[in-house]
Amino acid sequence: MKWPSTRALTLGVAAVIGVAAAGVAAFVWLLGLVTWESHTGYFGPAFSPDGRSIYVVTRQARGITWGFGWEHFTPPAYAWPITDGVALVRVDVATGHAGVLESWPSTPVVRRVLREYRGRVLNTMSAGVRPSA
């Protein structure tokens, strides 16, 4: 009986390890233990004094999460926000056209590791708008 060459054994072991790693990665992704999150939120809408416009604060956040983080059954998940932009927007009621009045490209949570449950994984925010004449 002839033994396989060292090269063939090395390739075989590498293939088995590669397939196992791909299987584990697929299993983790399907369970939702590692996810890519992208959230858009609208906060504190308010009509202008003349009623022709609506002012609102918008937030767009994207990032990677890992871990369980299901409410009170497991420890919080980890999150790493990559982008998190906030803007003050005016929406014309008649046409629906939205224009950005002021924007902030980043918040203090960007590129920091957060511990949150899945319902608020990229951190929560609240805002209010009070237009005046």
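Asp84 is buried, its relative accessible area being 2%, where buried stands for under 20% relative accessible area, exposed for over 50% and partly exposed for values in between, computed with a 1.4 Å probe on protein chains only. The structure is a predicted model, in which local features need pLDDT of at least 70 and side-chain atom pairs count only at pLDDT 80 or more, whereas totals for chains, interfaces and linings use all residues. Residues are numbered from 1 along each chain as its sequence is written, and side-chain values use heavy atoms, with hydrogens and water left out.

The chain holds 1 helix and 5 strands, helices being DSSP runs of H or I with at least four residues and strands DSSP runs of E with at least two, numbered from the N terminus. Along the sequence these elements follow the pattern α-β-β-β-β-β. The radius of gyration, taken over C-alpha atoms, is compared with a globule rule of 2.2 Å times the number of residues to the power 0.38. For the 133 residues of this chain the rule gives 14 Å, and the value of 24 Å is well over that, so the chain is more spread out than a compact globule. Taken along the principal axes, the box filled by the C-alpha atoms is roughly 95 × 35 × 25 Å. Of the 133 residues, 26% count as buried. Among contacts in the chain with a separation of 6 or more, 61% are made by residues 24 or more positions apart, a contact being heavy atoms within 4.5 Å.

Helix 1 covers residues 6-31, and its 26 residues should span 38 Å at 1.5 Å a residue, which agrees with the 37 Å between its end C-alpha atoms; the expected span is 1.5 Å times one less than the number of residues. Just after helix 1, Gly32 takes a positive phi of about 80°.

Side chains of opposite charge can pair when their charged atoms come close. With a salt bridge taken as a side-chain nitrogen of Lys or Arg within 4 Å of a carboxyl oxygen of Asp or Glu, the count comes to 3 salt bridges. One of them joins Asp84 and Arg59, whose closest N and O atoms are 2.7 Å apart. Because Asp84 lies in strand 3 (residues 77-92) and Arg59 in strand 2 (residues 53-66), this pair ties together parts that are 25 residues apart in sequence. Arg59 is buried as well, with a relative accessible area of 9%. The side chain of Asp84 also makes a polar contact of 2.5 Å with the side chain of Thr107, a polar contact being a pair of N or O atoms within 3.5 Å of which, within protein, one must be able to donate a hydrogen and the other to accept it, and for which residues adjacent in sequence count only if both atoms are side-chain atoms. With neighbours within four places in sequence left aside, the residues in contact with Asp84 include Gln60, Ala61, Trp104, Pro105 and Val109.

A salt bridge is also formed by the side chains of Glu37 and Arg118, at 3.9 Å from N to O. This pair links distant parts of the chain, with Glu37 in strand 1 (residues 34-47) and Arg118 in the segment after strand 5 (114-116), 81 residues apart. Glu37 counts as buried at 16% relative accessibility, and Arg118 counts as buried at 19%.

Glu116, which lies in strand 5, forms a salt bridge with Arg120, the closest N and O atoms being 3.4 Å apart. In this pair Glu116 counts as buried at 17% relative accessibility, whereas Arg120 is partly exposed, with a relative accessible area of 32%. Apart from neighbours within four places in sequence, Glu116 is in contact with Pro76, Ala77, Val121 and Asn123.

In soluble globular proteins, nonpolar side chains tend to be buried together. A nonpolar core is here a set of buried Ala, Val, Leu, Ile, Met, Phe, Trp, Tyr and Cys residues joined through side-chain atoms within 4.5 Å, and the largest one has 6 residues, namely Ala61, Ala79, Val109, Leu114, Val121 and Leu122. Ala79, with neighbours within four places in sequence again set aside, is in contact with residues including Ile64, Trp66, Leu114, Val121 and Leu122.

His72 is found in the loop between strand 2 and strand 3, and is exposed, with a relative accessible area of 68%. The C-alpha atoms of His72 and Leu114, 42 residues apart along the chain, are separated by 17 Å.
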